[in-house]
Amino acid sequence: VFAVITTFTKHHVQTQTQTQPHPQPPSLNTHHPTSEDGNLLIQELHRKHFYLNINAHTCKQVMDRGLAIYADLSEHEKRTDTVLNTMIKLCLHFKHPQCIEHLWSDIEQFLDDNENDNHHVKLLWLFKCCVQSSDLCIARCIRVLQWMQHSHYELSSSQHKDFSQHVVKLLAHLSTTADITRVHDALIARNKYIYTAMIKAYLKHSQSTQALHVFNTINVEDKDAVLLSTIMKALMRRHEHREALAVYGQNTALHDKVTHLMAIKACTHLRRFEKGKQIHASIRHQLDALHDVELHTALIHFYGLCGDIHTAMRILFFAADNDSNTSAAAAA
């Protein structure tokens with residue numbers, strides 16, 4: 001069936017390619033192009049791209065044609081939101097975000113001149129173009145975020161995911177804590193994915209204080225066990241077990257199996273016997289139902305390394321009756 005479908009699809013595509021005419025950009029009027037001429041032509045090129053699904057080579061030709069049209073417009077005509085939006089969208093959909101290089105000075109001039117007005121430049125498109133650029137310019141990305149913030153740019157419900165994905169991608173490329181802080185201060189929307197990426201970016205640069213600050217500033221309703229486990233794992237990976245245990249203790253409402261496990265491991269590393277016993281007592285009622293190999297093994301190691309062999313053996317025998325994997329893991 002797959003072979004039949006594939007053969008039919010290839011034949012259909014070949015037939016369509018042969019029958020459909022090669023897209024030719026409409027010609028300009030003989031007079032000097034105006035913003036209306038340029039905008040209509042660019043939109044026509046944009047429409048042809050989607051209708052014919054043209055290949056990469058033709059795509060570049062159309063993009064070059066669009067930039068040539070744009071270059072022929074007067075300075076005043078270039079700096080209109082309609083033309084700029086069309087060019088930004090053209091760059092984004094043709095997958096040539098580096099073309100923003102040609103438009104940046106006009107975009108910057110327009111947005112700086114209209115910073116306090118309700119202008120209509122599609123800043124989300126512009127942000128995506130900057131982040132997707134093969135030569136990613138951090139300063140430009142941050143500048144667009146600042147424009148979004150200053151203009152009180154509003155994201156629709158469907159745009160929030162798109163925005164957060166590109167913020168996360170940007171955070172992964174930041175090389176200084178100053179840039180991370182600038183991005184954090186300029187964000188117009190935040191969610192757990194952005195918070196997680198922000199925390200990881202700070203910890204990547206050994207800035208546990210800033211990472212903890214970000215975590216502590218998150219609204220209670222936006223925090224969850226995933227965020228707590230993320231920062232605990234990152235801290236423990238950097239051997240900051242005391243800090244991880246402190247965060248665990250300050251967020252009791254977010255505890256789950258994973259955070260319990262990391263807290264026990266932190267106590268083992270620090271030889272915090274009383275604290276480990278307290279955590280064990282608080283989750284004792286869950287252990288019988290969980291039958292979790294990792295959690296039981298962590299407790300066995302904790303008691304064994306802290307010198308309470310009797311309790312370690314008792315947990316081992318109890319766990320072995322419920323799961324043979326636990327005794328093998330503990331022995332290892």
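**Close-up 1. H15 passes H17 in a left-handed crossing in this predicted model.** The two axes come within 9 Å of each other and cross at roughly 15°. With angles under 35 degrees counting as roughly parallel, that makes H15 roughly parallel to H17. For orientation, H15 covers residues 257-270 and H17 covers residues 293-305.

**Close-up 2. Here are the side chains where H15 meets H17.** From H15 come Lys257, His260, Leu261, Ile264, Cys267 and Thr268. Facing them from H17 are Glu294, Leu295, Ala298, Leu299, His301, Phe302 and Leu305. Sorted by class, that contact has eight nonpolar, three polar and two charged residues.

**Close-up 3. Arg272 sits in the loop between H15 and H16.** H16 itself spans 273-290. Is Arg272 buried, partly exposed or exposed? Its relative accessibility is 40%, so Arg272 counts as partly exposed. Setting aside neighbours within four places in sequence, Arg272 is in contact with Leu245, Cys267 and Phe302. Cys267 and Phe302 also turn up in the contact of H15 with H17. Arg272 and Phe302 are 30 residues apart in sequence, and their C-alpha atoms are 9.2 Å apart in space.

**Close-up 4. Now for the largest nonpolar core, with its 90 residues.** Leu126 and Phe163 touch the most other members. Not counting residues up to four places away in sequence, Leu126 touches Ile88, Ile100, Trp104, Ile107, Leu111, Val144 and Trp147. As background, nonpolar side chains tend to be buried together in soluble globular proteins.

Definitions and conventions: Residues are numbered from 1 along each chain as its sequence is written. This is a predicted model: local features need pLDDT of at least 70, side-chain atom pairs count only at pLDDT 80 or more; totals for chains, interfaces and linings use all residues. Side-chain values use heavy atoms; hydrogens and water are left out. Axes are lines fitted to C-alpha atoms, for helices over the stretch in contact, and angles run from 0 to 180 degrees between N-to-C directions. Helices (H or I, at least four residues) and strands (E, at least two) are DSSP runs, numbered from the N terminus. Angles under 35 degrees count as roughly parallel, over 145 as roughly antiparallel, 65 to 115 as roughly perpendicular and the rest as oblique. A crossing is left-handed if the near helix is turned anticlockwise from the far one by less than a right angle, and right-handed if clockwise. Contact means heavy atoms within 4.5 Å. Ala, Val, Leu, Ile, Met, Phe, Trp, Tyr, Cys and Pro count as nonpolar, Asp, Glu, Lys and Arg as charged, and the others, Gly among them, as polar. A nonpolar core is a set of buried Ala, Val, Leu, Ile, Met, Phe, Trp, Tyr and Cys residues joined through side-chain atoms within 4.5 Å. Buried means under 20% relative accessible area, exposed over 50%, partly exposed in between (1.4 Å probe, protein chains only).
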